[in-house]
Amino acid sequence: MIPVFELRRQYRMIRDEIDLAVRGVLKAGHYVLGPNVEAFEAEFSAYCGGTFGVGVANGTEAIQLALTAAGIKAGDEVITVSHTAVPTVEAIKATGAVPVLVDIDPQTWTIDPAQVRARLGPRTAAIVPVHLYGHPADLDPLRALAERHGLALIEDAAQAHGARYKGRHVGAFGTAGCFSFYPTKNLGAYGDGGMVVTNDRQIADRVRRLRNHGQAARFEHVECGMNSRLDELQAAVLRVKLRWLDRWNQRRRQIAALYNRLLADLPVRCPPQAPWAQSNYHLYVIEVDERDALRAYLKAEGIGTDIHYPKPVHLQPAYCDLSPAEGQLPVTESLCQRIVSLPLFPELSDAEAETVASAIRTFLENRK
Ligand SMILES: *Cc1c(COP(=O)(O)O)cnc(C)c1O
């Protein structure tokens, strides 16, 4: 069996470091916010090239709180993509703003700056590019649009820890960058976690306040906030794992290069690689005809796959009231029918990747 993703191999490799860190927190007796959260905020924001980091409960609330701290409120419009994980859009709705969903660029599968420009209006207040699969969106044209029109630019970097745009780690290019530390992300906790990274002290201060019931000081509630705190156990685990992140991302890139090479002569489109982008290969997603038949064949061969994501947000029952109706985002809609995510995690062996690639070859050659 070759799973599409699994975490036990990683824990086996770093068990001593993790167990030590966890025992340290258990003994210290301080469990929500605290010294590990503070240290991790400093370490991870510095890793992203940002000045401030504020740990929160998950990636969804990182996006919600970053938008709120940037002044986004009910009635505003926020432009993002439909080809994303649903939480991107859920977080926008949680601020009271209206998500405006645009199509992706067929070359990069990320937000198309031309589509953003076309949807700008008097109520547009923010743009939320998603670095989907760990491949950075084209940030420079978005930054120019945001500056010219006075918009917030909030990166959804939940899949993009350590991915680079024009040589620099993502997360600190706009008003704020939002990360998830859900266990399956490239930097994953053993539970939920998230962070807002920013160079803007006011945004950082406001997120810090909002995440803890709107308190400016203990029992001094200056606005209505929420409970979105990061806990010490997760922060201690994340501090250990941050030291491994570059090695793990490097190994993911190696496996991706191997897949690229082994699939090069097959009727398969390998993941996009824009000239500005160094992906962290959160996922290795190919585009192929007869995707469902291929998945069934691989499953029978003991190879796990997944689809990220089978149904775009604007076609989900909860979001069909949003403006783009079925048929209006053709690149997104056609891609969702044709993509499949192959097994990829740092502990996957070359031999396993070769087995996956040769099974794909066998399937496609027998179909001809
Ligand atoms: C995982 C993810 C989120 C949400 O993060 P959670 O920590 O699960 O709340 C948001 N956007 C994208 C693109 C994601 O992959």
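## Ligand shell

The model is predicted. In it, helices α3 (59-69) and α4 (86-94) each supply at least two residues of that shell. The shell holds 13 residues. The closest are G59, T60, Q159, S180 and K185. By type, the shell divides into 4 nonpolar, 7 polar and 2 charged residues.

T60 places a side-chain N or O atom 2.5 Å from an oxygen atom of the ligand. D156 faces a nitrogen atom of the ligand, with a polar side-chain atom 2.8 Å away. On its own, the ligand has 380 Å² of accessible area, and the protein covers 91% of this.

## Aromatic pairs

A pair of aromatic rings is described by the distance of the centres and the angle of the planes. The count here is 14 aromatic pairs. One of them joins Y11 and Y190.

Y11 sits in helix α1 (residues 8-28). Y190 sits in the loop between β8 (176-180) and β9 (194-198). The pair therefore ties together parts that are 179 residues apart in sequence.

## Cluster and charges over rings

F40, F44, Y47, F179 and F181 form one aromatic cluster.

Arginines also lie over ring faces. R168 is over the face of F173, at 4.2 Å from the ring centre. R247 is over the face of W244, at 4.1 Å from the ring centre.

## A buried glutamate

E41 lies in helix α2 (residues 35-47). Its relative accessibility is 6%, so E41 counts as buried. The cut-off for buried is under 20%. Which side chain does the side chain of E41 contact? The partner is R211, through a polar contact of 2.8 Å between the two side chains.

Note on methods: Residues numbered from 1 in each chain as written. Predicted model: local features only at pLDDT ≥ 70, side-chain atom pairs only at ≥ 80, totals over all residues. Heavy atoms only, no water. Phe/Tyr/Trp six-rings, centres within 6.5 Å; stacked < 30°, edge-to-face > 60°. Helix = DSSP H or I, 4+ residues; strand = E, 2+ residues; numbered from the N terminus. Lys NZ or Arg CZ within 6 Å of the ring centre and 35° of its normal. Near = heavy atom within 4 Å. Polar contact = N/O pair within 3.5 Å; in protein donor to acceptor, adjacent residues only side chain to side chain. Areas by Shrake-Rupley, 256 points an atom, 1.4 Å probe, with all protein chains shown as cover. Nonpolar A, V, L, I, M, F, W, Y, C, P; charged D, E, K, R; others polar. Buried < 20%, exposed > 50% of the residue type's maximum accessible area, 1.4 Å probe, protein only.
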